[in-house]
Amino acid sequence: MEIYFVRHGETKGNKEKKFRGRTDYPLNENGKNQAKKLKEKLKKYKFDKLLTSPLKRAHETAKIIKPEGLEV
């Protein structure tokens, strides 16, 4: 079994160098673009599951990078 960990894309809090913790910042435009680029790089791998934290930034990233037919 192989497990891959992916960090969420950039948020307003990242950009402002704020400690985020459980603060629920959504992805900013750069973060969405980062996730789209990551999706392209991950196409060569086959995934059986995709799990994410409930935070907006992580969930948004997962929805962008998920392969066709895989649930988040």
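**Figure 1. Surroundings of Leu 50 in the predicted model.** Leaving aside residues up to four places away in sequence, Leu 50 touches Ala 62, Ile 65, Lys 66, Pro 67, Leu 70, Glu 71 and Val 72. The structure shown here and in the following views is a predicted model. Leu 50 also belongs to the largest nonpolar core, whose 6 residues are Ala 35, Leu 42, Leu 50, Ala 62, Ile 65 and Leu 70. Helix H2 (29-42) and helix H3 each supply at least two residues of this core. In soluble globular proteins, nonpolar side chains tend to be buried together.

**Figure 2. The largest pocket and its lining.** The volume of the largest pocket is about 690 Å³. Its lining comprises 23 residues, and those nearest the pocket centre are Tyr 4, Phe 47, Lys 49, Leu 50 and Leu 51. Sorted by class, the lining contains 14 nonpolar, 4 polar and 5 charged residues. Helix H3, which spans residues 56-65, gives the most to this lining, with 4 residues.

Figure 3. Glu 10 lies in the segment before helix H1 (12-15). With a relative accessibility of 17%, Glu 10 counts as buried, because buried residues are those under 20%. The side chain of Glu 10 makes a polar contact with the side chain of Asn 28, at 3.0 Å. Not counting residues up to four places away in sequence, Glu 10 touches Lys 15, Leu 27, Asn 28, Asn 30, Gly 31 and Gln 34. Asn 28 is therefore both a residue touched by Glu 10 and its side-chain polar partner.

**Figure 4. Thr 11 in the segment before H1.** Thr 11, like Glu 10, is placed in the segment before H1. Thr 11 has a relative accessible area of 0% and is therefore buried. Along the chain, Thr 11 and Lys 39 are 28 residues apart, and their C-alpha atoms are separated by 18 Å.

**Figure 5. Pro 54 in the loop between H2 and H3.** Pro 54 is located in the loop that lies between H2 and H3. The relative accessible area of Pro 54 is 67%, so this residue is exposed, the limit being over 50%. A separation of 9.9 Å is found between the C-alpha atoms of Pro 54 and Arg 22, which are 32 residues apart along the chain.

Definitions and conventions:
Residues numbered from 1 in each chain as written. Predicted model: local features only at pLDDT ≥ 70, side-chain atom pairs only at ≥ 80, totals over all residues. Heavy atoms only, no water. Buried < 20%, exposed > 50% of the residue type's maximum accessible area, 1.4 Å probe, protein only. Polar contact = N/O pair within 3.5 Å; in protein donor to acceptor, adjacent residues only side chain to side chain. Contact = heavy atoms within 4.5 Å. 1 Å grid on protein atoms, 1.4 Å probe; cavity = no way out; pocket = protein on both sides within 12 Å on 5 of 7 lines; lining within 4 Å. Points joined across faces, edges and corners; volume = space filled by probe spheres on them. Nonpolar A, V, L, I, M, F, W, Y, C, P; charged D, E, K, R; others polar. Core = buried A, V, L, I, M, F, W, Y, C linked by side-chain atoms within 4.5 Å.
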